[in-house]
Amino acid sequence: MVIERTPLEDELGDVLEKAMRCACFGEVTLGARAGVSPEKIRDAFDYRYDFTLEEIRRLADVLGLNEVGVAALASGHYPLPKIGGLPFCLYPLRTPHGIGVANAYIVTDCGSERGVLFDTGSDGEALRRAWPPGIRGLDAIFLTHPETEHVGGLADVQRRFGPVPVFGPVGVRIPGVLALAEGAKMKPGSVEIETLATPGHAESHNCYMVRAPDLWAAHSVLVSGDILFAGSVGGAYFCSEKLKVHVKRLLELPPETVVAPGHGPLTTIKNERTFNPFVF
Ligand SMILES: [Fe+2]
C-alpha cells in the first residue's frame, strides 16, 4: 500500500493556463465571460488564489472544466487515493528536472532482481540516485515520449545494463528504439504490456497498460506519460483535440487502474474520473 506524498504537477494557475490555451482565451476574455477580474486570473498564474467559490464555478463553466476538481485544487486539498492491490511491485523513480520532477517507473515481481523500466528520467545520475538497490537487471525499457526529462537517462541505463531492448512510440527518432504502434502487446518477464498510441502532448507519445497476464482480476497499471496526471493533464503542445480524445479514452479504463504519470503522484482512474478538472 502506498500513500503518496509527492506534490501535484499542476496547481490551479497551471490548470487555468492549460485550459485557456485549449479554449484560445486570454485572461481578459475569460474574465469577461466568467465575471472575474483579469488581475485575479493573472494572480492565479503566480500561485496567488483569491477566488470565491462562485467565481470558481463560473471559471470552470466557461472553460468546460470539472468544477469539483477546480474547487479541490483551489482549496489546496486535491484528494489522492491509497494505492494498493497490484500483483507486482511498482517503483516510482523521481528525478529532478528544472523546477519540477519527472517520473520513471520500474515494474517487477516483488523479490525479483529484474524488472521492466518505463522512461529513464531526466539524466543518468539522477536516475541512479533513485534506483532501487535490489534491481540488478532489466528485461526491457519502454519510452512514453522523447522529451529530455523522460529519456535523458537512456544512454546511462544502456551502459549499466548492456543490451536491453528499448521500445517507444512510432516516429521517435532515437537510434535503436523499436517502434510500438497502437495495440502492440509485449511480454517481457512476467508482465504483459499493451501499447496505447496517444499523440497530443507530443506527436510521438505512447501510454502503456501493464498487467499480470495470469491474474486478470488483479489491478493493472497505466503508465500515462504526459497525457494524464493526478489533478491535471499534459500540455497540448502537439494537438489539443488529440490530447482531449486520449484523456477521455484513458478515463474510460477500468476505475481501479493505477495511473503512473510522467509527473506528480500516483493516482487511479476512479480518482481522476471524479476529481480531475479535465474530465471532458
Ligand atoms: Fe514531461
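Q: Which residues touch the most other members in the largest nonpolar core?
A: In this predicted model, the largest nonpolar core holds 73 residues, and those that touch the most other members are Leu59, Val70, Tyr105, Val107, Val223 and Ala260.

Q: Which domains does this core draw on?
A: The core takes at least three residues from each of domain 1 (12–75) and domain 2 (89–275).

Q: What is Tyr105 in contact with, leaving aside its neighbours within four places in sequence?
A: With those neighbours left aside, Tyr105 is in contact with Leu90, Tyr91, Pro92, Leu93, Phe118, Val223 and Ala260; of these, Val223 and Ala260 are also among the core residues that touch the most other members.

Q: OK, back to the domains: how far apart are the C-alpha centres of domain 1 and domain 2?
A: The two C-alpha centres lie 30 Å apart, and the domains do meet, with 9 residues of domain 1 in contact with 7 residues of domain 2.

Q: Which elements give two or more residues to the domain 1 side of that?
A: Those elements are α1 (12–23) and α5 (67–75), and the largest share, 5 residues, comes from α1. By residue class, the domain 1 side that touches domain 2 divides into 5 nonpolar, 1 polar and 3 charged residues.

Q: And at what angle do α1 and α3 pack?
A: Helix α1 and helix α3 (residues 38–45) pack at an angle of about 115°, and their axes are 7 Å apart. The contact is made by Leu12, Gly13, Leu16 and Glu17 on the α1 side, and by Ile41, Ala44 and Phe45 on the α3 side; these residues divide into 5 nonpolar, 1 polar and 1 charged.

Q: Switching to sheets, what is the order of the strands in the one that has β1?
A: That sheet is open and has 6 strands, in the order β1-β2-β3-β4-β5-β6, with mixed pairing. Neighbouring strands in this sheet are turned by 30° against each other on average, with direction ignored.

Q: Why is one side of β1 and of β6 left without a neighbour in the sheet?
A: Strands β1 (89–97) and β6 stand at the edges and have a single partner strand each, so one side of each is left without a neighbour in the sheet.

Q: How many bridges join β1 to β2?
A: Strand β1 is joined to strand β2 (residues 100–108) by 9 bridges, and the two run antiparallel; Leu90, for instance, has Val107 in β2 as its bridge partner.

Q: What about the sheet with β7, which are its edge strands?
A: The edge strands there are β7 and β14 (267–268), each of which pairs on one side only. The sheet is open, with 6 strands in the order β7-β8-β9-β10-β13-β14 and mixed pairing.

Q: In what sense do β7 and β8 pair, parallel or antiparallel?
A: Strand β7 (residues 185–186) pairs with strand β8 (residues 192–197) in the antiparallel sense over 2 bridges, and Met186 has Ile193 of β8 as its bridge partner. The hairpin of these two strands has 5 residues between them, and Gly189 in this hairpin takes a positive phi near 65°.

Q: Where is Cys24, and is it buried or exposed?
A: Cys24 is found in the loop between α1 and α2 (27–34), and Cys24 is exposed because 8 other C-beta atoms lie within 10 Å, where a count of 12 or fewer is taken as exposed. The phi of Cys24 is near 60°, a positive value in a residue other than glycine.

Q: And what is the phi of Tyr47 near?
A: Tyr47 has a phi near 65°, also a positive value in a residue other than glycine. Tyr47 lies in the loop between α3 and α4 (53–63), and counts as exposed, with 10 C-beta neighbours inside 10 Å.

Q: Last one: where does Pro175 lie?
A: Pro175 lies in the loop between β5 (166–169) and β6 (178–180), and is exposed, with 5 other C-beta atoms within 10 Å. From Gly35, Pro175 is 140 residues apart in sequence and 52 Å apart in space, C-alpha to C-alpha.

Conventions
Residues are numbered from 1 along each chain as its sequence is written. This is a predicted model: local features need pLDDT of at least 70, side-chain atom pairs count only at pLDDT 80 or more; totals for chains, interfaces and linings use all residues. Domain bounds come from an automatic or database domain assignment. Two residues are in contact if their C-beta atoms, placed from the backbone, lie within 7 Å. Helices (H or I, at least four residues) and strands (E, at least two) are DSSP runs, numbered from the N terminus. Ala, Val, Leu, Ile, Met, Phe, Trp, Tyr, Cys and Pro count as nonpolar, Asp, Glu, Lys and Arg as charged, and the others, Gly among them, as polar. Axes are lines fitted to C-alpha atoms, for helices over the stretch in contact, and angles run from 0 to 180 degrees between N-to-C directions. A residue is buried if 20 or more other C-beta atoms lie within 10 Å of its own, exposed if 12 or fewer, and partly exposed in between; C-beta atoms are placed from the backbone. Two strands pair if DSSP finds at least two bridges between them. A nonpolar core is a set of buried Ala, Val, Leu, Ile, Met, Phe, Trp, Tyr and Cys residues joined through C-beta atoms within 7 Å.
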